[in-house]
Amino acid sequence: MNSANVVTIALSKGRILEESLPLLSALGLEPAGDIDRLLRVPSKAADVQFLIIRPTDVPTYVEYGAADMGIVGKDILMEHGGAALYEPLDLNIARCRLSVAAPKGYVPTPGKRLRVATKYPEITKRHYAARGEQVEIIKLYGSMELAPLVGLSDVIVDLVATGKTLLANGLVEIEQIGPVTSRLVVNKASMKMKHARIRELLVQFEATVRG
Ligand SMILES: Nc1ncnc2c1ncn2[C@@H]1O[C@H](COP(=O)(O)OP(=O)(O)OP(=O)(O)O)[C@@H](O)[C@H]1O
Ligand SMILES: O=P(O)(O)OC[C@H]1O[C@H](OP(=O)(O)OP(=O)(O)O)[C@H](O)[C@@H]1O
């Protein structure tokens with residue numbers, strides 16, 4: 001099939017991919033290939049294919065039109081700055097929240113700049129800047145919960161779902177920044193060029209999400 005007639009959807013591998021599969025099945029769009037190894041996978045529909053990529057890369061692929069659509073967490077969109085993309089639908093999967101957490105009993109030292117470890121430096125900067133507080137941000141790529149335990153930071157900004165990871169590491173949530181779910185995003189040019197098929201997919205996704 002001519003690529004102009006194929007809709008490419010970038011899927012966030014990991015947790016979101018797992019939670020996306022039932023939605024895709026409901027639309028008759030099961031991946032038709034080994035999603036653990038292949039990076040580009042056909043679907044059961046001849047005119048839809050998937051890219052299986054790191055969640056943080058999904059907005060970039062969709063923004064540049066390498067993918068027409070994508071499924072990605074609101075956390076990643078907030079960090080990336082999602083203005084270049086359409087975000088037409090909340091898929092209501094991979095539900096969690098972005099929070100500030102600190103060691104149980106932590107009391108800030110007055111006059112000392114707060115050190116915050118996070119995978120989300122932009123969100124963190126905006127969060128503290130909104131109330132006029134300057135903080136020192138330490139960028140990490142995972143296991144944020146470790147940072148306060150070994151004195152790398154005072155607090156962390158990370159995702160919380162059940163709270164079990166915080167509890168296991170002696171941390172408590174001290175502030176909620178906002179709720180997070182996965183979103184369907186669409187490239188702006190694709191929305192015009194492939195309008196009929198993308199519109200149809202959006203309607204089907206929406207009906208499935210609403211149940
Ligand atoms: N505990 C959780 N409960 C629900 N959703 C979550 C949870 N943790 C993360 N998510 C959502 O899933 C997305 C991907 O998380 P996942 O842990 O699969 O990838 P990752 O290992 O953080 O990604 P990367 O490999 O790019 O570092 C997050 O961006 C967020 O939207
Ligand atoms: O509140 P909980 O239910 O414990 O979930 C929160 C944890 O989930 C995420 O990590 P994940 O399990 O994806 O591990 P990773 O970030 O190391 O990939 C997040 O970064 C927290 O560590």
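This is a predicted model: local features need pLDDT of at least 70, side-chain atom pairs count only at pLDDT 80 or more; totals for chains, interfaces and linings use all residues.
1. Helices here are DSSP runs of H or I with at least four residues, numbered from the N terminus.

2. Ligand 1 is surrounded by 17 residues, and the closest are Gly14, Arg15, Gly73, Ala94 and Ala161. Two helices, H1 (15-26) and H3 (74-80), each contribute at least two residues to this shell. Sorted by class, the shell around ligand 1 holds 8 nonpolar, 5 polar and 4 charged residues.

3. Domain 1 (3-94 + 181-210) and domain 2 (96-179) each give at least three residues to it.

4. Around ligand 2 lie Arg15, Gly142, Ser143, Asp158, Leu159, Val160, Ala161, Thr162, Gly163, Lys164 and Thr165. Strand S9 (155-160) and helix H6 (164-168) are the elements that supply two or more of these residues. S9 has the largest share, with 3 residues. The class count for the shell around ligand 2 is 3 nonpolar, 5 polar and 3 charged.

5. Helix H8 covers residues 195-210, 16 residues in total, and its first and last C-alpha atoms are 22 Å apart, close to the 22 Å expected at 1.5 Å a residue. Glycine 211 follows H8 and has a positive phi, near 70°.

6. Ile198, Leu201 and Phe205 of H8 are buried. Viewed down the axis of H8, its buried residues fall within an arc of 60°, so they line one face of the helix. An α-helix has 3.6 residues a turn, so residues three or four places apart point the same way.

7. The buried residues of H8 pack against a set of strands and helices: S1 (7-12), S4 (69-73), S5 (85-90) and S11 (182-187), together with H1 and H7 (188-193). On the face of H8 turned away from its buried side are the exposed residues His195, Ala196, Arg199, Glu200, Val203, Ala207 and Arg210.

8. Isoleucine 76 sits in helix H3. Is isoleucine 76 buried or exposed? Isoleucine 76 has 24 other C-beta atoms within 10 Å, and a residue with 20 or more counts as buried, so isoleucine 76 is buried.

9. Setting aside neighbours within four places in sequence, the contacts of isoleucine 76 are Pro55, Thr56, Val58 and Pro59. Tyrosine 120 is 44 residues from isoleucine 76 in sequence, while the two C-alpha atoms are 8.2 Å apart in space.

Definitions and conventions:
Residues are numbered from 1 along each chain as its sequence is written. Chains are lettered from A and ligands numbered from 1 in the order in which they are written. A residue is near a molecule or strand if its C-beta atom, placed from the backbone, lies within 6 Å of it. Ala, Val, Leu, Ile, Met, Phe, Trp, Tyr, Cys and Pro count as nonpolar, Asp, Glu, Lys and Arg as charged, and the others, Gly among them, as polar. Domain bounds come from an automatic or database domain assignment. The expected span of a helix is 1.5 Å times one less than its number of residues. A residue is buried if 20 or more other C-beta atoms lie within 10 Å of its own, exposed if 12 or fewer, and partly exposed in between; C-beta atoms are placed from the backbone. The arc is that of the directions from the helix axis to the C-beta atoms. Two residues are in contact if their C-beta atoms, placed from the backbone, lie within 7 Å.
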